[in-house]
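Welcome, and please load the model in your viewer. We will go from stop to stop, selecting residues as we go.

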Amino acid sequence: TMGREYADHEVIKQLQLLSDEENLHDCTLLFRANSAKVRTSSFLLSLCSPVMRTMLCGCFREGTNRDACIDDVSSDAFENVIAIWMGKTVTTERIEDLAAIGSAADRFGIKGVCEQAENTICAVITEDPSRCVEVLNCCAAMPFPRAESVAVSEIFDHFDDLCESGKLCEASADLLCALLESDELC
């Protein structure tokens with residue numbers, strides 16, 4: 001579960017209400033990853049993301065026609081990032097979803113949401129060490145150094161159990177090589 005602790009602040013409550021107001025939706029985002037179009041408020045996007053502010057308010061094509069094409073991010077991940085930034089609760093324990101949320105937040109400069117995604121991944125790992133390999137396979141290219149460190153530590157702490165359960169067999173070849181070459185294994 002990911003949400004923001006300031007969700008009860010009056011300004012945030014008003015943002016939540018206004019975000020759903022279709023009359024204020026003045027730009028369209030086209031997500032090439034899943035061919036989805038989302039109408040939204042350029043003001044809200046500019047408020048939460050310095051990258052979106054530059055795109056929509058700068059001298060870019062997106063700033064003049066209020067349409068933006070987004071590559072490599074799904075509309076679901078992006079909408080979850082914005083929802084979390086606005087204090088709404090997003091519930092998922094799927095590592096792929098958490099990684100997508102964190103990656104999208106990182107790409108658009110929404111640091112607090114990226115940190116929440118990493119914290120949630122760390123909590124999932126700590127609660128269920130059998131998911132460490134899943135995390136490392138999924139998050140290898142993601143901006144989650146602390147989650148990677150926690151996952152590696154948990155793998156070494158539970159190495160025998162993970163071998164017996166077959167979870168280590170799910171690791172990529174590169175991950176297995178890195179783990180087996182590590183001095184921490186001894």
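Select Arg-94, which is partly exposed at a relative accessible area of 46% (buried is under 20%, exposed over 50%, partly exposed in between, with a 1.4 Å probe and protein chains only). This is a predicted model, where local features need pLDDT of at least 70, side-chain atom pairs count only at pLDDT 80 or more, and totals for chains, interfaces and linings use all residues. Residues are numbered from 1 along each chain as its sequence is written, and side-chain values use heavy atoms, leaving out hydrogens and water.

Glu-96 is partly exposed, at 36%.

**Stop two: two further pairs**

Next, pick Lys-167 and Glu-170, a salt bridge with its closest N and O atoms 3.9 Å apart. Lys-167 has a relative accessible area of 26%, and Glu-170 has 46%.

Then move to Arg-131 and Glu-134, whose side chains meet at 3.0 Å, N to O. Is Arg-131 buried or exposed? Arg-131 counts as buried, at 14%, whereas Glu-134 is partly exposed, at 24%.

Methods: Salt bridge = Lys/Arg side-chain N within 4 Å of Asp/Glu carboxyl O.
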